[in-house]
Amino acid sequence: MHKVLRILVPLAAAAAPLALAAGPATADSGSSYQATLNPLNHQSGSGMLMLTLNGNTAKVTESWSGLAGQFNGAPFPHVQHIHIGGQGVCPTASADKNGDGVVSTTEGAPAYGPIGTTLSVTGDTSPAAGTDIKIAPSGTSTHYSRTITLDPKVVQSLKNDTAVVVVHGDDPTTLSKKAQGEKSDLVPSLPLAATSPALCGALHAMPAGGVSTGTGSTAGMEDSGLLLLAGGLLVAGTGTALFTVRRRSVKA
Ligand SMILES: [Cu+2]
């Protein structure tokens, strides 16, 4: 025990200023983020996105299902993004300003902000690729896994708890008659349904170490001091010391 403390106390002292400088208590509690994707605009469907951040590098793992499968006889492209710089939430139905029953991408923007990252299956991940349907996942479901470099603004948004995942592309038959006759607010050559939000989920930081153990016990991690300490240790890359802390904390 004493040997462990001698290791931990200097590390904790080093980690504390980082934790204090981070602002909101939850901001730096872990390098993993998660979003539960819920339907928007009367769609069926659901999904989950996990993002593991290491510097500006993000490993994104995502699954969703239940979306529109066909568009003009081909697999329905579902452009998807991490939106940043808004309120960090998904819009409610009250965001529908023109009364067509659909929260269009731009109507939802005050809630989730503009595109920060395009979650394409290949190539460009910048906002410029935001409506490139050729590199979007398509069909009723997807299992997505890609390691990408995030713009620093997106990293900051994750830490500020204002990053939101939006998957676009609605089944036109589920929209109102008025909406079915409208053009996309993003790509005027497409119908409104093609680009409107279908799934949305705010990304939130997960507790440090909360995803990697597989032991089913996170009891010791509920102590906020240990969370900050573990976060600092993760930053420092001292995995062995972290493991010791966690085993001690579970016993305590
Ligand atoms: Cu989007």
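Buried means under 20% relative accessible area, exposed over 50%, and partly exposed in between, with a 1.4 Å probe and protein chains only. The notes below use that rule.

1. Basis. This is a predicted model, in which local features need pLDDT of at least 70 and side-chain atom pairs count only at pLDDT 80 or more, while totals for chains, interfaces and linings use all residues. Residues are numbered from 1 along each chain as its sequence is written, and side-chain values use heavy atoms, with hydrogens and water left out.

2. Overall fold. The protein chain has seven helices and eleven strands; these are DSSP runs numbered from the N terminus, helices being H or I of at least four residues and strands E of at least two. Of its 252 residues, 45% count as buried. Among contacts (heavy atoms within 4.5 Å) with a separation of 6 or more, 70% join residues 24 or more positions apart.

3. Copper site. Three residues give the copper ion its protein donors: H81 through ND1, H83 through NE2 and H168 through NE2, at 1.9 to 2.0 Å. Donors are N, O and S atoms within 2.8 Å of the metal (3.2 Å for Na, K and Ca), and water is not among the atoms, so sites may look incomplete.

4. Placement of the donors. Their sequence spacing is H-x1-H-x84-H. H83 belongs to strand β6 (residues 80–83) and H168 to strand β9 (residues 164–168), so this pair ties together parts 85 residues apart in sequence. H83 counts as buried because its relative accessibility is 2%; H168, at 0%, is buried too.

5. Largest cavity. A cavity is a set of points, on a 1 Å grid over the protein atoms alone, where a 1.4 Å probe fits but cannot get out; lining residues have an atom within 4 Å of a point. Two cavities reach 30 Å³ or more, and the largest holds about 80 Å³. Its lining includes F71, F76, V187 and L190. By class, that lining has eight nonpolar, three polar and no charged residues; Ala, Val, Leu, Ile, Met, Phe, Trp, Tyr, Cys and Pro count as nonpolar, Asp, Glu, Lys and Arg as charged, and the others, Gly among them, as polar.

6. Second largest cavity. Its volume, the space filled by probe spheres set on grid points joined across faces, edges and corners, is about 30 Å³. Q80, T118, S120 and D132 are among the lining residues. The classes here are six nonpolar, four polar and one charged.

How values were computed:
1 Å grid on protein atoms, 1.4 Å probe; cavity = no way out; pocket = protein on both sides within 12 Å on 5 of 7 lines; lining within 4 Å.
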